[in-house]
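Okay, thanks for coming, everyone.

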Amino acid sequence: MKPRDAVTLAISGASGAPYALRLLECLLRAGRPVYLLISDAGRIVIEQECGLRLPTAPGAAREVLLERGDGAGELRLLGLDDWFSAVASGSNAPRSMVVCPCSMGALSAIARGASDNLIERAADVVLKERRQLILVTRESPLSSIHLENMLTLSRMGVVIMPASPGFYHCPEKVDDLVDFMVARVLDHLGVEMDLVERWGGERKD
Ligand SMILES: Cc1cc2nc3c(=O)[nH]c(=O)nc-3n(C[C@H](O)[C@H](O)[C@H](O)COP(=O)(O)O)c2cc1C
């Protein structure tokens with residue numbers, strides 16, 4: 001895997017695990033190598049919301065996740081203390097990182113540069129190297145602390161993308177709402193997709 005062409009995807013413990021799994025699937029199908037990080041709370045939410053219990057061993061968890069993308073693509077699942085991995089250093093880290101979903105805890109840690117685990121460190125590296133960081137935040141309502149953390153990061157060029165799908169594409173099922181958000185993330189990453197019709201395209205009437 002060429003680390004710099006890869007995308008770092010971090011799944012934290014906010015609600016919205018279906019977004020994360022769909023995003024992973026789309027990235028792998030598009031042939032983008034993925035470094036995957038999952039927080040402990042992220043694993044709990046994946047099980048709660050997607051009914052998917054991930055094995056603790058990274059190798060076994062990787063196999064389960066790869067199956068969702070038809071077994072295609074390059075996926076490396078990293079432990080939260082895998083300090084020797086490429087994402088931990090500006091000399092070799094991927095150019096893009098997405099935290100999806102992003103908990104308010106992860107948002108806060110990233111905003112203050114905590115770097116206490118590999119998700120926080122990878123985000124810190126992306127920030128210091130002035131690369132692309134996208135946070136798919138999820139909480140409601142938002143406190144002033146949440147808003148200030150978002151503003152701090154937005155001012156540094158971070159894309160704050162609240163998990164709040166639109167309804168103007170007339171979704172019929174939950175998957176349509178999930179795809180709406182995932183499509184926006186893929187657009188920002190420059191990954192070709194046809195998950196949702198674009199606004200202003202040809203009308204079918
Ligand atoms: C089912 C479930 C849903 C949760 N939803 C949210 C949420 O939407 N937003 C949020 O900030 N935290 C949410 N939490 C709480 C976080 O998981 C918790 O703050 C955790 O410490 C975040 O840790 P992490 O950022 O390391 O994943 C949820 C927890 C569970 C179990």
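When I say helix, I mean a DSSP run of H or I with at least four residues, numbered from the N terminus. This is a predicted model, so local features need pLDDT of at least 70, side-chain atom pairs count only at pLDDT 80 or more, and totals for chains, interfaces and linings use all residues. Residues are numbered from 1 along each chain as its sequence is written.

Let's begin with Pro55, which is in the loop between helix 2 and helix 3 (58-68). Is Pro55 buried or exposed? With 11 other C-beta atoms within 10 Å, Pro55 is exposed; the cut-offs are 12 or fewer for exposed, 20 or more for buried, and partly exposed in between, with C-beta atoms placed from the backbone. Setting aside neighbours within four places in sequence, Pro55 is in contact with Ala60, Ala61 and Val64, where contact means that C-beta atoms, placed from the backbone, lie within 7 Å. Arg43 is 12 residues from Pro55 in sequence, and their C-alphas are 9.5 Å apart.

Now the ligand. There are 16 residues around it, and Ser12, Gly13, Ala14, Ser39 and Ala41 come nearest; to be near, a residue needs its C-beta atom, placed from the backbone, within 6 Å. Which elements give two or more residues to that shell? Those are helix 2 (40-50) and helix 4 (104-111), and helix 2 gives the most, with five residues.

That's my tour, thanks.

Key:
Contact = placed C-beta atoms within 7 Å.
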